[in-house]
Structure formats: structure tokens, C-alpha cells
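User: Hi! Could you walk me through this structure? I'm new to reading these.

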Amino acid sequence: MISIKSDREIELLREAGHIVYETHQYLKPFLHPGITTQEIDDLAAEFIISKGATPSCKGYNGYPANICISINDEVVHGIASKRKLKEGDIVTLDICACYKGYHGDSAWSYPVGNISSDAKYILEHTEKALYEGLKVIKNGCRVGDISHAVEEYANTYHLGVVKELTGHGVGNHLHEEPNVPNYGKAGTGPVLRTGMVIAVEPMLTLGSPDIYMLDDDWTIKTDDGSLSGHFEHTIVVTDDGYEILTKE
Ligand code: MF3
Ligand code: CO
């Protein structure tokens with residue numbers, strides 16, 4: 001069952017989402033060559049806690065860090081370490097925070113210094129794919145409408161769509177029903193109603209969409225080493241569209 005949130009719940013989800021947005025804005029100026037992913041993770045935790053929230057990823061199924069930091073061909077779930085960002089990297093911060101029992105979830109991929117035109121391409125078009133997916137959302141739409149819109153945009157720009165990872169419902173739990181795949185058929189899947197809250201999160205690649213997991217049991221990379229982008233917002237469905245919760 002996909003739950004419909006009350007106005008009070010939506011207000012708390014908005015506050016959680018806002019904290020996630022603010023955490024992104026706070027971290028952005030630190031994303032320069034030489035900073036370690038551990039330093040970024042520490043700054044994130046300190047900031048989230050200063051807002052009265054907790055980092056939802058920490059301890060989730062045993063996840064060891066506070067946020068997910070994935071570089072270049074890493075698609076998701078990179079774990080903080082002594083590794084430093086380098087000029088030309090792209091780095092994805094996937095940030096989840098829990099405020100008064102409600103979660104916000106947003107991922108964003110950023111350039112580190114000057115990046116290649118390939119890197120610019122994956123960032124630009126993965127972000128646009130997210131908004132293409134969001135565009136079709138309103139009361140009565142189906143999950144497959146979102147999936148189809150993202151996939152079609154990715155196909156147009158010859159980007160790989162990672163199939164094994166999906167968006168999801170958000171609420172008291174970080175991951176709720178429904179799954180929101182980034183590929184599929186319009187007019188299929190669960191119907192979305194006003195008050196449902198989901199995270200839409202295209203994960204696209206410059207090459208093959210195939211992925212594998214590292215020995216750390218978390219970090220997921222592209223098989224062929226191609227760059228990956230990941231953009232995610234948590235939104236609430238409204239009568240005639242949607243409201244982004246992970247926003248200003
Ligand atoms: N932000 C991830 C998502 O969108 C969840 C990461 S939590 C982790 O689903 F513990 F799995 F890393
Ligand atoms: Co998510």
C-alpha cells in the first residue's frame with residue numbers, strides 16, 4: 001500500500017527535505033580538489049545534527065557512513081574514506097536526513113574544478129532527465145509515466161539507464177512503496193494520488209548501464225568504468241502537479 005500523508009506529515013517531510021537541501025548548499029563550496037570524502041561526510045553529519053535532524057543513511061542496513069559520496073564511475077553508495085577529490089572528478093552527494101521521524105532524500109552530482117565535456121554532458125542530461133520525470137507527475141498519474149519519461153529522455157541522449165536501482169516512496173521510512181524505476185511503460189504501474197511522497201532519482205551512465213558491487217559490499221560502479229550521474233528530489237504529489245520537498 002502507498003500511504004497518503006496528512007498535512008501535518010507533509011509539513012514535517014517539507015522540513016526534513018529542506019534540511020537535506022540546506023546540507024547540499026552547505027557542502028557545495030567544499031567540493032574542491034584535495035578534500036577527502038571523510039571530511040565531506042563529517043561536515044555533512046555535523047550540519048544535519050545542528051539542524052536537529054539525523055543522517056538517515058548511518059546504520060541503514062549497516063551502512064557505515066553519514067551520507068553516500070560516489071565519484072566518477074561510482075553510481076551509488078560510495079563510503080567516506082581518506083580518498084581525496086581530484087580536479088576533473090564528478091562527485092555525487094546522496095543525502096538523507098530524518099527530522100521528527102520523517103525523511104528527506106536528495107542526490108546531486110557536482111563538478112570538481114574543471115571537468116571534461118563528457119563529464120558536463122552526463123551532469124547536464126541526468127539533471128534534465130530528473131525534471132522530465134517530475135513533469136508528468138500529478139494526481140492520477142502512474143509510476144510508469146515517470147519511468148517512461150526518464151527512459152525516453154535518456155535514450156534521446158544515448159545515456160545508459162541503471163535498471164537495478166530505483167526511486168521509492170518516502171515517509172516515516174527512508175524507503176517505502178512504490179519503487180520508481182527509471183525505465184518502463186507509460187500508463188502502467190501504481191496510480192499516484194495527491195499526498196503521496198516519492199523520491200525520483202535517475203541514475204544514468206555515459207556507457208553501458210551494467211553495474212557491479214565492490215568488495216566493501218556497498219559501493220556500486222559501472223561495469224565499463226563509464227561516468228555516472230545521479231539527481232534526486234523527494235516530492236509530494238498534488239492535484240495538478242507536484243511540490244519538491246528537498247528545496248529552499
Ligand atoms: N539515498 C539512497 C536512496 O536514495 C539511500 C542510501 S542509504 C544507504 O535510496 F544506507 F543505503 F546508503
Ligand atoms: Co533515494
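Analyst: Happy to! Keep in mind that this is a predicted model.

User: New topic: the metal. What coordinates the cobalt ion (ligand 2)?

Analyst: Four residues do: Asp105 through OD, His168 through NE2, and Glu201 and Glu232 through OE. The distances run from 2.0 to 2.2 Å. Along the chain, these donors follow the spacing D-x62-H-x32-E-x30-E.

User: Where do aspartate 105 and glutamate 201 sit?

Analyst: Aspartate 105 is in strand S5 (residues 102-111), while glutamate 201 is in the loop between strand S9 (197-200) and strand S10 (203-205). They are 96 residues apart, so this pair links distant parts of the chain.

User: Are those two buried or exposed?

Analyst: Aspartate 105 counts as buried because its relative accessibility is 2%. Glutamate 201 is buried too, at 5%.

User: OK, sheets next. What is the strand order in the open sheet of 3 strands?

Analyst: The order is S3-S12-S11, with antiparallel pairing. Strand S3 (74-76) and strand S11 (211-213) are the edge strands, and each pairs on one side only. From one strand to the next, the twist averages 40°.

User: How many bridges join S3 and strand S12?

Analyst: They pair over 2 bridges, with S12 covering residues 220-222. Within that pairing, valine 76 stands opposite isoleucine 220.

User: What about lysine 221, is that buried or exposed?

Analyst: Lysine 221, which is found in strand S12, is buried, because its relative accessible area of 18% falls under the 20% cut-off. Apart from residues up to four places away in sequence, lysine 221 touches Asp73, Glu74, Val75, Asp210, Ile211, Tyr212 and Leu214.

User: What's the order in the open sheet of 5 strands?

Analyst: That one runs S8-S7-S9-S14-S15, with antiparallel pairing. S8 and strand S15 (242-244) are at the edges with a single partner strand each, so one side of each has no neighbour in the sheet. Neighbouring strands are turned by 25° against each other on average, direction ignored.

User: How do S14 and S15 pair?

Analyst: Strand S14 (residues 233-237) pairs with S15 in the antiparallel sense, over 3 bridges. Valine 237 has tyrosine 242 in S15 as its bridge partner.

User: Which strands of this sheet does H4 touch?

Analyst: H4 packs on the sheet and touches S8 and S9. The direction of H4 makes about 35° with that of S8.

User: What span should helix H4 have?

Analyst: With 14 residues (143-156) at 1.5 Å a residue, helix H4 should span 20 Å, and its end C-alpha atoms are 20 Å apart, so the two agree.

User: Which residues of H4 are buried?

Analyst: The buried ones are Val143, Gly144, Asp145, Ile146, Ser147, Ala149, Val150, Tyr153 and Ala154. They pack against helix H3 (117-135), strand S6 (160-161), strand S8 (176-180), S9 and S10. After H4 comes histidine 158, with a positive phi near 55°.

Terms used. Residues are numbered from 1 along each chain as its sequence is written. Chains are lettered from A and ligands numbered from 1 in the order in which they are written. This is a predicted model: local features need pLDDT of at least 70, side-chain atom pairs count only at pLDDT 80 or more; totals for chains, interfaces and linings use all residues. Side-chain values use heavy atoms; hydrogens and water are left out. Donors are N, O and S atoms within 2.8 Å of the metal (3.2 Å for Na, K and Ca); water is not among the atoms, so sites may look incomplete. Helices (H or I, at least four residues) and strands (E, at least two) are DSSP runs, numbered from the N terminus. Buried means under 20% relative accessible area, exposed over 50%, partly exposed in between (1.4 Å probe, protein chains only). Two strands pair if DSSP finds at least two bridges between them. Axes are lines fitted to C-alpha atoms, for helices over the stretch in contact, and angles run from 0 to 180 degrees between N-to-C directions. The expected span of a helix is 1.5 Å times one less than its number of residues. Contact means heavy atoms within 4.5 Å.
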